[in-house]
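Have your viewer ready and follow along.

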Amino acid sequence: MQAYEFINNMIPPLKLTDKVRMALSWMEEIRTDVLPVVEGGYFRGLVTDEMIYTINKEDILVSDVPLESEGCFVLKDKHIYDVLRVASEYQSNMVAVVDNDNVYHGVVTLEDSIAAFADTLSIQAQGGVLVLSMFMTDYSLYEIARVIESENAKVLSSFLTSDPLDESKIKVVIKVDKTELRHIKATLERFGYKVIDHYQEEMDENKEQDRLDNLMRFLNI
């Protein structure tokens, strides 16, 4: 699941010499509020309709608008995880994809990357999600998995994010193959782990929106 596999070819890049009037027209046509800016084959950043409206001059060029998120890109061979991470870091709906020479190849939208991630086995598989808070120095997936397996459960996937309530800690988001989490939660707490949240999936998983909602909680985006 490398980033280049999910490039959205329907999103055109702007050049610095393009007029913002055209940028707004493209945004309206493809129903987005942000577009990538490319010059000489290299990604220069993103421009949003809000930035253009703030200046309020339709005849200016894209080069006259201060670009943002110059670092909102991933290498084309990076996993879709990295697209989600960068999108979250820059609070952006799209992430540019470049090669090792920083040559621009396209963008992956947040919607497409979430859909791709939702199609993975670990997300589709029935189970529950536990969220742990700890210091990075205390993190060991092997030890966490060992505790979970003592309750006859398996870790399907894990995800690390920063803890917004304590910058010195991380949140460890774990998907397990059990929908009943009460005993697993109790055992983790008995071994000294702090479980700050958990999500038990319902048996009926035929609703796509419910699946995506669970994914959003899973990633905390």
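Start at Phe73, which is partly exposed with a relative accessible area of 31%; on this scale buried means under 20%, exposed over 50%, and partly exposed in between, using a 1.4 Å probe and protein chains only. Before going on, please note that this is a predicted model, in which local features need pLDDT of at least 70 and side-chain atom pairs count only at pLDDT 80 or more, while totals for chains, interfaces and linings use all residues. Residues are numbered from 1 along each chain as its sequence is written, and side-chain values use heavy atoms, with hydrogens and water left out.

Phe43 counts as buried, at 10% relative accessibility. Phe43 also pairs with Tyr104: their ring centres are 6.4 Å apart and their planes lie at 15 degrees, so this pair is stacked. Here too distant parts of the chain are linked, since Tyr104 belongs to strand β5 (residues 104-109), 61 residues away from Phe43 in strand β2. Tyr104 is buried, as is Phe43, and Phe43, Phe73 and Tyr104 form one aromatic cluster.

Now step back to the whole fold. The protein has eight helices and nine strands; these are DSSP runs numbered from the N terminus, with helices being H or I of at least four residues and strands E of at least two. Of the 221 residues, 42% are buried. Taking contacts between residues at least 6 apart in sequence, 60% join residues at least 24 apart, where contact means heavy atoms within 4.5 Å.

Next comes the interior. A nonpolar core is a set of buried Ala, Val, Leu, Ile, Met, Phe, Trp, Tyr and Cys residues joined through side-chain atoms within 4.5 Å. The largest such core has 38 residues, and the members that touch the most others are Leu14, Val47, Ile52, Val65, Val74, Val83 and Val95. Elements giving two or more residues to this core are α1 (20-30), β1 (34-39), β2, α2 (49-55), α3 (80-90), β4 (94-98), β5 and α4 (110-118). Apart from it lies another core, of 16 residues, including Leu130, Ile148, Ile174 and Val176.

Between α3 and β4 you will find Gln91 and Ser92. Gln91 is exposed, with a relative accessible area of 69%, whereas Ser92 counts as buried at 7% relative accessibility. A polar atom of the Ser92 side chain lies 2.7 Å from the backbone oxygen of Met94. Beyond its neighbours within four places in sequence, Ser92 is in contact with Leu46, Cys72, Ala87 and Leu110.

Gln91 has something else to show: its phi is near 50 degrees, a positive value in a residue other than glycine. Most residues other than glycine have a negative phi. Arg31, in the loop between α1 and β1, likewise has a positive phi, of about 60 degrees, although it is not a glycine. Arg31 is exposed, with a relative accessible area of 79%.

Finish with two lysines. Lys154 lies in the loop between α6 (141-149) and β7 (155-162) and counts as partly exposed at 47% relative accessibility. Lys154 and Lys178 are 24 residues apart in sequence and 7.9 Å apart in space, C-alpha to C-alpha. The charged end of Lys169 sits over the ring of Phe135, 5.1 Å from its centre; the criterion is NZ of Lys or CZ of Arg within 6 Å of the ring centre and within 35 degrees of the ring normal.

Definitions and conventions. Rings of Phe, Tyr and Trp (its six-membered ring) pair if their centres lie within 6.5 Å; planes under 30 degrees apart count as stacked, over 60 as edge-to-face and the rest as tilted. A polar contact is a pair of N or O atoms within 3.5 Å; within protein, one must be able to donate a hydrogen and the other to accept it, and residues adjacent in sequence count only if both atoms are side-chain atoms.
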